[in-house]
There are 2 protein chains.
Amino acid sequence: MKLIREDISADIQKRIDTIRLKIKSEGLDAILLASNSNIFYTSGRLFRGYVYITPEHPALYFVVRPLSVDTSDDTIILRKPELIPSILKEKGMPLPKRLGLEFDDLYYSEITRLQAAFPEATAENCSHLLRKVRMVKTQWELDCMRYDGLRQASAYRRFSKCYREDMTDVEFQIEIERLLRLEGCLGYIRTSGSQMEINMGSVIAGDNADAPSPYDFTMGGAGVDPSLPVGANGAIMHPGETVMIDVCGAFNGYQTDMTRVWKIGEIPALAEKAHECSRNILRECEKMAVPGCRVATLYDKAIEIARNEGLSEYFMGHAQQAPFIGHGVGIQLNELPVVTSRSRDVFEENMTIALEPKFVIPHVGAVGIENTYIVTPTGLECITPFPEEIQSL
Amino acid sequence: MKLIREDISADIQKRIDTIRLKIKSEGLDAILLASNSNIFYTSGRLFRGYVYITPEHPALYFVVRPLSVDTSDDTIILRKPELIPSILKEKGMPLPKRLGLEFDDLYYSEITRLQAAFPEATAENCSHLLRKVRMVKTQWELDCMRYDGLRQASAYRRFSKCYREDMTDVEFQIEIERLLRLEGCLGYIRTSGSQMEINMGSVIAGDNADAPSPYDFTMGGAGVDPSLPVGANGAIMHPGETVMIDVCGAFNGYQTDMTRVWKIGEIPALAEKAHECSRNILRECEKMAVPGCRVATLYDKAIEIARNEGLSEYFMGHAQQAPFIGHGVGIQLNELPVVTSRSRDVFEENMTIALEPKFVIPHVGAVGIENTYIVTPTGLECITPFPEEIQSL
């Protein structure tokens, strides 16, 4: 098995080159990556091991498992990370004085072990550097995400067909998960953050939309068990309620993030109004988010539109409100930038973001739309094409 | 919402008391927990926040999210961890000099942030302490796991009904996932280790059983995408192959781990023989594993039985062999002890372990059984009751 697939080797080389420039500009001598997301980003596949990148040399891939990869000049089978420095010396490469390690992606004991393997080096946090590089996607990555969006939309098209009267939200979610998986969804959501947990996404109906969750997702939901308090809670879905579906768009190592709303019977005008407000917010954001635009301005605009419509108390939750309306998305569900008032990020071409201005209407449920977008010179390109109107179940 | 449910408050107090004795015997002044697994263990639910435990005082629960919990003497709403020391002072509690933090469960930057909040304290790793305490289950935990085993077995009973000729392994897995979810499975596997990734378990058929994975699971499988190289690979299942099903048993914050094997048409005698060998290994282990028995002796016995049957080259994998035949299980899929030759653990009453002596037969697939057990004074009690014979699809 060749570690780097030929079809994407040029794309990966571009990613490595971008990382190298950043390493140099931050004054680091090298970085050593070990998190799954960054291993995947810098190799195009998953292995247990390390990727070592310097400004001057080709990237080195140290593979602990599986043992079946072809070794080559840049791919080395490794028993343990303590052996890396001697291998570097054998290759005539200097040992780093300033070494970047993923402080925000690896456990404390993993980092201290790597630090001990390089006793002469000062370790510095390179997690943010990688997040910033990964924020702007390459062409291959954009193609993967466009594909995700089409597949995700194709699955969403079939969700309403598996609804039956008097179904619980969990029963509905189970059929939705099946349709997603049959569409090719991998069924696993890779997230950033040590304490994020969810299975294949969230289906929330009625008052459960207002149950606050400990997790960093925009919407809550009590879940069916106190050990996993997020999403569907097992209640029967009733007429007069909305059902918000925000489920997994991961088909190929990348993912899109997409939410649509269905209703059972008729819902109050307030809910319909809030849903239209969400769409209006998206239309504004789609025009605003051009390269050079500050990310925070989207958040501020959303807050302003919701306030002007008199909907502030429902915006981004009711009992508990989320302080952001969107986030970067790609290998991980929650990448940079975070679309919040405190963001200092500025949009660049080929960034990918999910925008999800949502409202929780008490006794009705959640409304609003989430789309995933690519930042282009003329605004946002939506890659989750699916009707935005509230549809009937 | 009361943080500690009344029905389990006595059970949780027992857990806290056990932790306290350990804290004292290790000379720590306090521990501060933040990982989901340990928050769940010490409170019976999931919240974003911290649990502070000393040998002398009642446990304190600092809740960052959700905001809807009742505050009380021992439950405090917290904005950020930096405020914990001043709250302790207000309560007249001394600040710790030796503070246990979860070095193996939290990211480097999370630990250094907590260290900085307690500048007078020396931080020490308490991850192992918690793992050792959690290794021996309380009565409530055992009840949860017995329930998991019954539900998991009940779902397994229906798997063969959704098999169709010329199905791919992924299509079969999708129907299996649905049956599990309908049985009440939460669909999320909580693991230990920063780089473990899997959706609802693994269904591996034929030669895919021999595809090595980067993950720390006993069996591999190529997966359907290089971003998640584990389990089913999308191939059509053929006569003459085995299908090993090792899928999620998480119904209530705990989980059981269980594997059974099906076959399509007839399979070679070697595969049947290896499967019987797995059952013989389990029967031996079930007798041996009484309180006081060294965990490593089970591994050594398994290796010996496999060798005596001439099956060593297939044991625990063929192309890549796993160095363990079982593991503790509970809140996390992979708890202590690890049943390996290097284990220094000794069995105690009410430990729970999954034993999975498996074989990979080239061109046929994987065979063998996995059961979850409780350690009792007279040996192992199996809590995953389901026929062990290879069944036909």
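This is a predicted model: local features need pLDDT of at least 70, side-chain atom pairs count only at pLDDT 80 or more; totals for chains, interfaces and linings use all residues.
Residues are numbered from 1 along each chain as its sequence is written, chains are lettered from A and ligands numbered from 1 in the order in which they are written, and side-chain values use heavy atoms, with hydrogens and water left out.

Where they touch, 13 residues come from domain 1 of chain A and 14 residues from domain 2 of chain A, with contact meaning heavy atoms within 4.5 Å.

Now the sheet I like. In chain A, 5 strands make an open sheet, ordered S11-S10-S12-S15-S16, with antiparallel pairing. Strands, by the way, are DSSP E runs of at least two residues, helices are H or I runs of at least four, and both are numbered from the N terminus; two strands pair if DSSP finds at least two bridges between them. Which strands stand at the edges? Strand S11 (335–339) and strand S16 (379–382) of chain A do: each has a single partner strand, so one side of each is left without a neighbour in the sheet. From one strand to the next, the twist averages 30 degrees. Angles here run from 0 to 180 degrees between N-to-C directions, and axes are lines fitted to C-alpha atoms, for helices over the stretch in contact.

If you zoom in on S10(A) and S11(A), they pair in the antiparallel sense over 3 bridges, and Gly326(A) has Val339(A) in S11(A) as its bridge partner. Helix H6 (residues 139–159) of chain A packs on this sheet, touching strand S12 (352–355), strand S15 (371–376) and S16 of chain A, and its direction makes about 150 degrees with that of S15(A). H9(A) packs on the sheet as well, touching S11 and S12 of chain A, at about 40 degrees to the direction of S11(A).

Next, strand S8 (residues 242–247) of chain A. Buried or exposed? Mostly covered: 6 of its 6 residues are buried, where buried means under 20% relative accessible area, exposed over 50%, and partly exposed in between, with a 1.4 Å probe and protein chains only. In a regular strand the side chains alternate between the two faces of the sheet. In S8(A), both faces are covered, with Thr242(A), Met244(A) and Asp246(A) buried on one side and Val243(A), Ile245(A) and Val247(A) buried on the other. As for its partners, strand S7 (residues 201–205) of chain A joins S8(A) through 5 bridges, running antiparallel, and Gly201(A) is bridged to Val247(A). Strand S9 (residues 259–263) of chain A also pairs with S8(A) in the antiparallel sense over 5 bridges; there, Ile245(A) has Arg260(A) as its bridge partner.

On to the rings. Searching the whole structure turns up 24 aromatic pairs over all chains. The rule is that rings of Phe, Tyr and Trp (its six-membered ring) pair if their centres lie within 6.5 Å; planes under 30 degrees apart are stacked, over 60 edge-to-face, and the rest tilted. One of these is Phe315(A) with Phe359(A), tilted, at 5.0 Å centre to centre and 45 degrees between the planes. This pair links distant parts of the chain, 44 residues apart: Phe315(A) is in the loop between helix H9 (295–308) and strand S10 (326–328) of chain A, and Phe359(A) is in strand S13 (residues 358–361) of chain A. Phe315(A) is buried at 4% relative accessible area, and Phe359(A) is buried at 0%.

Another tilted pair is Trp262(B) and Phe386(B), at 6.3 Å centre to centre and 45 degrees between the planes. Trp262(B) is buried at 1%, and so is Phe386(B), at 10%.

Last one, and it involves both chains: Phe103(A), Tyr108(A), Phe103(B) and Tyr108(B) form one aromatic cluster.
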